[in-house]
Amino acid sequence: MNMRENYKDEQGFLNCEMEFECPKNWFELELTSSHRVKHCNTCNKGVYLCITQEDLDKSIEEKRCVAFFKVLKLEDERRIFHMTAGFPSGLRRNHLKTFLEE
């Protein structure tokens with residue numbers, strides 16, 4: 001069973017090609033003065049939490065490391081919470097893929 005074919009992203013946004021996917025977890029990163037930015041001690045960069053597609057687009061334009069969460073709904077109604085962190089590729093919004101399949 002291919003899980004990608006058997007779920008849909010409940011939010012319907014935030015799926016982008018990643019140039020580098022980081023193994024770090026958002027919850028392991030160091031707090032900063034902003035609740036939407038954490039510091040990574042490994043790469044010594046800020047990691048920006050993206051909640052909306054616009055947040056992600058802005059971070060791509062500004063070449064920032066990002067973190068975003070998805071709620072994946074399986075066919076049997078179970079939900080999986082998935083986090084992605086890393087450096088998105090330079091693709092613009094009109095090239096981003098979304099899981100809006102109904």
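Buried here means under 20% relative accessible area. All the close-ups below come from a predicted model.

**View 1. Here's C50, tucked under the buried cut-off.** C50 has a relative accessibility of 2%, so this cysteine counts as buried. One of the residues in touch with C50 is S59, which brings us to the next close-up.

**View 2. S59 and its contacts.** S59 sits in helix α1. With a relative accessible area of 2%, S59 is buried. Leaving aside residues up to four places away in sequence, S59 touches Y48, C50, R64 and V66.

**View 3. Q53, in the helix that spans residues 53-61.** Look for Q53 in helix α1. Q53 comes in at 8% relative accessibility and therefore counts as buried. Now pick out C16, which lies 37 residues from Q53 along the chain. The C-alpha atoms of Q53 and C16 are 9.9 Å apart.

View 4. C65 is buried, at a relative accessible area of 14%. For a pair to count as a disulfide, the cysteine sulfur atoms have to be within 2.5 Å. As for the structure as a whole, the disulfide tally is zero.

Technical notes: Residues are numbered from 1 along each chain as its sequence is written. This is a predicted model: local features need pLDDT of at least 70, side-chain atom pairs count only at pLDDT 80 or more; totals for chains, interfaces and linings use all residues. Side-chain values use heavy atoms; hydrogens and water are left out. Helices (H or I, at least four residues) and strands (E, at least two) are DSSP runs, numbered from the N terminus. Buried means under 20% relative accessible area, exposed over 50%, partly exposed in between (1.4 Å probe, protein chains only). Contact means heavy atoms within 4.5 Å.
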